[in-house]
Every structure is written in C-alpha cells, then in structure tokens.
Amino acid sequence: MTTFDSTKRSLPELLKDITSGKIQLPDFQRGWVWDDDHVQSLLVSIARSFPVGAVMLMETGGEVRFETRPVEGIDPSSVTKDPDQLILDGQQRLTSLTQAIGLPTPVDTRTAKGKEIKRHYYFDIRTALEGEDRLEDAVVAVDESRQKRSDFGRKVDLDLSTRQRECEQLYFPCDKLLSPNDWASDLFKYNQEAIGTYFEFQEKVLSAFSAYQLPVIELKKETSKEAVCLVFEKVNTGGVQLSVFELITASYAAEGYNLRDDWFGSDIRKVPSRKARLEQHELLKDVQSTDLLQAITLLHTRERKLKDLKGGRAGKQVRPVSAKRASVLDLPLEAYQRWADAVEKGFIEAARFLLKECFYSRRELPYATQLVPLAAVMTLLGNRWREPRIYHKLSRWYWSGVLGELYGGAVETRIALDVEELMRWFEDDTDLPRTVTDASFDPTRLESLRSRLSAAYKGINVLILREGAEDFFWKGDIQELDNQGVELDIHHIFPRAWCETKAIPPRVYDAIINKTPISFKANRMIGGDAPSAYLARLQNHEQVQLGDEEMNAILEGHRIPTEALRNDDFEVFYQQRKRRLLEIIEKAMGKKSLAGADEGMED
C-alpha cells in the first residue's frame, strides 16, 4: 500500500488553507529564516511561472501525533487547533508566500547580514511591463510604514503609505496579488487614466500568481512514525541544513515529547526554558542545545559501555563512548529524560569550576568545546570535584587542553576519551589522560601569539590575571576593576610608536610577550613614550603618587621585569618576560615546556 500521493495544488488554495489554519507546522520545525533577498527572488520566480520546488504535507490523525503551530505571522488564537495537514518540507517557501502575499501585515524578515527588518513588497507596474527580464527590478521592498528611505532614514525616496499614493505612482501591493479587485476599484478613483496599464499588468503578472500550481507530495496518516522521521531528515538535507537538535526534536516529537519546549520553553504550554536557566550564569550564555545533547550522549554511551563490559562482552562487541553526530542522533528519549536535569547541573558546576580558575566572562573562555566533557565529568563527580586531589587533576587537564591548543577543530574523539580517562585518573594517579600527556608548549609559541581570539592567548591572559595583576593607574586588580565596569583591554608594554622608532618589527612587538591587560586610562597615559618616561608620569600623577617599590610590585604582578623596563631595554625585557610567562604556563600544565625548543633564545 502506498503511503503518499503526488498532486498539484493552486497557490491561492494553499495560502487560504495556511491562513485559516487547515495547514500548519509540526511544532518541532525550526523558525522561518529566509532573508529579504530570498523573498524577493521567490516573488519573481512565481511572476515568471518558474518552478520553485515541491512541498511535502502530512495528513493528521494517524499514529504520529505532533504538537502543532500555525505558520509564522498568523495569530494562533485565530485558527483551528486541529489542522488537516502539516508541512514537512517547503516551510521557508510557504511562509515567505504567506507573509508576503496572504497577509496584510509586514513581513518579518532580515537583511543578508542577519539584521531583523519588516518589509512590504510591491510590483512597480510600469517596470514589470517592460518585459520578463525586468521583473527582478520591478519587485520593490519598503519598510513597515510603506516607505523607502535613504541617508540614514532622513530622506524619503518612495512613499506608498496610502492607497492613493500607491495608485498614483502605480505600485501594486503584493498582499493584494490574490484579491486585486479592491485595489483596482481605488485605481479607478485615483488614477483612472492608468486602468489600461493595470489590465495589461493583470494579464501578464497577476494571472501568473492566481494560476500558479505547486507540486505537492501528501503523506497519508497511515505513515509510521519511523518513516515520517526518516522522510523529514532526508527532505531537509538541502537549503538550510537541519542541526542535530532539529533532527532529534523531530524524532522525539513522534514519541510525544517536545524537545523545543524543553530547551526554549513555551509560554503557551507553561514549560520553563532550560536554555534560560543556563544563561543565568555568565559563562554559560553561549551554551548550545547540541552541547547539552553531546554531554548527555557521552554519559549514555559510557553507561552502555560499562554495561557491555559487565555483561562479559569484549573487543568490538563493546560499544564505545561517543559524542559523534551519529551517536547523538541515536540518543533514546528515555536517556535524554533521565540525564537532562543532572547534566544541566553539571554545566552549572562546570561554570563554578571555571570561576575558581578565574574565568569571569564568556569572552575569556578559550574553547566552548571543552565545556562539554567538563560538564559530563561534573555530572558524574557531583560535589567531589571540590576535593583538593580531584580539583588539582581537573585543573591540570583543563589547562593542558587550553595551552596545548588541543580543543580546536573536530574534537569528538578527544571529548569521549577525556570523559573516560579523567574518571579513571581520579581513582588511579598513574593513569594520566591523553590530553594531559599529549599537551606540550613550545616556548617559541609565545612569539607567534598575537591574536586575542587564540585559545592559548586567552588562557595566558587569564593566568596573568589570576596572579592578582593590578592596574597601572586605578587602585585594584584587573579582574576586580573589570567586574566594576572599568574599561579594560590588552595593551602593549613597550608602546607601538616607540618600537617603530627603534625599528622593532610588528611580529615582535605585537607578540603576547609585549602585552598585558590594563585600563584604557592607563594606556592613554602611556601614549607612545619610552617606559622610563611613562612610568615616571604614572607614578607622579597627582591621583596616584607611587614610589618605585610600589610600582615595581604592580609590574611584577604582570610578570614584567622591572629593571629592563625602566632601562628601556626591549631585548632583555623580551627574553626575561618570556621566561616568566613560561613559568606560569608550566605551573598550570604541571610539566616543563618542550625541552630544547628554545635553544639560542639569548641570541
């Protein structure tokens, strides 16, 4: 027995069923994402009677019972709660057409760069009649007040804010494409001499919309939930590809569980948002739904592996711990429900650990990916991570990943190994995780670290801060001032201007060796002068008044060699500070830097 029918349906009929709620979306579907350019291109394609692809609908009332919602732009309270069909494929096209053609309200879209905007769409009738190749220029987008502005909104280039202005300038609103009679009547009132032009436009353009047929594949209600989920995944491999979260959401929805509600929350169904709870913690503000799913999958597959081993399986019969995409997609609903709350607490404990390591803001975190195994381990440890012996190992592992720069790129295999090996290391001091043994730091890396986006750069900056580095001007350590909203940044110790007068190349003076976190105020007072000059100026400022010993203590807190700095000796400063930064790096990693990697450093 076939599970689907292929047919064609007219555009007006489809949009009528969508606006009345007979056709809706399964609630797990992602939001509408098409931008202004896509919407305009779609309107042109239909005006030229070009194919825009098939849509797939599923009949409701069968085994698969999804929660539903109307297409975006339609008031949920104005439509039926029991739709006849659901959109499985073609949401972006159908939503674009519904908002642009089927509703009088402005289209909620965005620019190509992602800025949210509201737009009404029009056909410039005269341009549209110049030929099919001019239709692309004939589609015009205006703002929510039906105006087009330039010069940062100060100049009105096109004003279509009243029906009279539309008629006088011959701009036809796209929300009247399927019901043009009222507009035509107003045209007769405001611009009677243009009626002939309008009838030509009606024949060449309006008729294309009223007669347009879309190919439709209709799944019958007898289709199994496994088939529906498989179909949904396959048809959404093009365009904006579905994320792991969206695919799992579809799978769980077929079992009656709304994963979107659990993550994003729902005011309608009174479900609190797990995402919002995590975002209450500064360090967790960018945690993604896929991060949570990966951490849960790590724990589920670890539990499964231990069960295999306990059951006497060996070799390839033992299923591995995994965080790969395929494993996440196989995560059973039962496992998600059992682990989700505990893993959420694990992420919160991970944030508390990072606070103890002196990370205070999300932008300071070197790797978002390292949060996943950290949260999984915290879930298993509970409060035990605060035990000194475990805390020391956890800290060493974390800094090995950061300073060894091991968590960039594809890290699914390392994530899985770290969870297993860390748990073993906590019980056996000799069984070091590979991230700890693999990590190494080449002293010459300090000379090439120039980008503040680099994980090692961020890590070294935090290591300096957690030693209690104080500002050169304001009273207080850098992190305290940062929490108080004082404007801070990472600045040159030997100023750029001074270095350039001494012919020191940018690759040298821009390295992290010659940079440290200080306030904007201190940096302004440093200017482009030699250190000996700006230190005297800072110390003698009427609001500072510091002696050499007190200022030297501040400099030492930044691991800055004071004698070389005061003597304006860049070469000696450079080598001495390099060694001092290596000391705090080696302390964090619990091992020496690469032996022999820095031979000839004095030269």
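Q: Which residues does Asp175 touch, not counting residues up to four places away in sequence?
A: This is a predicted model, in which local features need pLDDT of at least 70, side-chain atom pairs count only at pLDDT 80 or more, and totals for chains, interfaces and linings use all residues. Residues are numbered from 1 along each chain as its sequence is written, and side-chain values use heavy atoms, with hydrogens and water left out. Asp175 is placed in the loop between strand 11 (171-173) and helix 7 (181-190), where helices (H or I, at least four residues) and strands (E, at least two) are DSSP runs numbered from the N terminus. With contact meaning heavy atoms within 4.5 Å, Asp175 touches Ala100, Ile101, Leu103, Pro104, His120 and Arg146.

Q: Is Asp175 buried or exposed?
A: A residue is buried under 20% relative accessible area, exposed over 50% and partly exposed in between, using a 1.4 Å probe and protein chains only. The relative accessibility of Asp175 is 15%, so this residue counts as buried.

Q: How many residues of helix 3 are buried?
A: Helix 3 spans residues 91-102 and is mostly covered. Among its buried residues are Gln91, Leu94 and Leu97, as well as Ala100 and Ile101. Of the twelve residues in helix 3, the number buried is eleven.

Q: Which residue in strand 12 is the bridge partner of Lys8?
A: Strand 1 and strand 12 (residues 213-219) run antiparallel and are joined by seven bridges. In strand 12, the partner of Lys8 is Pro215.

Q: Which residue in the turn between strand 9 and strand 10 has a positive phi?
A: Strand 9 (residues 147-150) pairs with strand 10 (residues 155-159) in the antiparallel sense over four bridges, and Lys148 stands opposite Leu158. The two strands form a hairpin with four residues between them. The residue in the turn with a positive phi, about 55°, is Asp151.

Q: How many aromatic pairs does a search of the whole structure find?
A: Rings of Phe, Tyr and Trp (its six-membered ring) pair if their centres lie within 6.5 Å; planes under 30 degrees apart count as stacked, over 60 as edge-to-face and the rest as tilted. The number of aromatic pairs in the whole structure is 26.

Q: Why is the pair of Trp397 and Tyr398 edge-to-face?
A: The ring centres of Trp397 and Tyr398 are 6.3 Å apart. Trp397 is buried at 0% relative accessible area, and Tyr398 is buried at 2%. The pair is edge-to-face because the angle between the ring planes is 65°.

Q: What is the angle between the ring planes of Phe494 and Phe573?
A: The ring centres of Phe494 and Phe573 lie 4.9 Å apart, and the pair is tilted because the planes stand at 50°. The pair links distant parts of the chain, 79 residues apart: Phe494 is in the loop between strand 13 (488-492) and helix 23 (496-501), and Phe573 is in helix 29 (residues 570-589). Phe494 is buried at 0% relative accessible area, as is Phe573 at 0%. The plane angle of Phe494 and Phe573 is 50°.

Q: Over the ring of which residue does the charged end of Lys356 sit?
A: A charge sits over a ring if NZ of Lys or CZ of Arg is within 6 Å of the ring centre and within 35 degrees of the ring normal. The ring in question belongs to one aromatic cluster, whose members include Phe353, Tyr391 and Trp397. At 5.6 Å from the ring centre, the charged end of Lys356 sits over Tyr391.

Q: How far apart in space are Leu129 and Cys499, C-alpha to C-alpha?
A: Leu129 is in the loop between helix 4 (125-128) and helix 5 (135-138), and at 18% relative accessible area Leu129 is buried. Leaving aside neighbours within four places in sequence, Leu129 is in contact with Thr197, Glu200, Phe201 and Lys204. Cys499 is 370 residues from Leu129 in sequence. In space, C-alpha to C-alpha, the two are apart by 65 Å.

Conventions: Two strands pair if DSSP finds at least two bridges between them.
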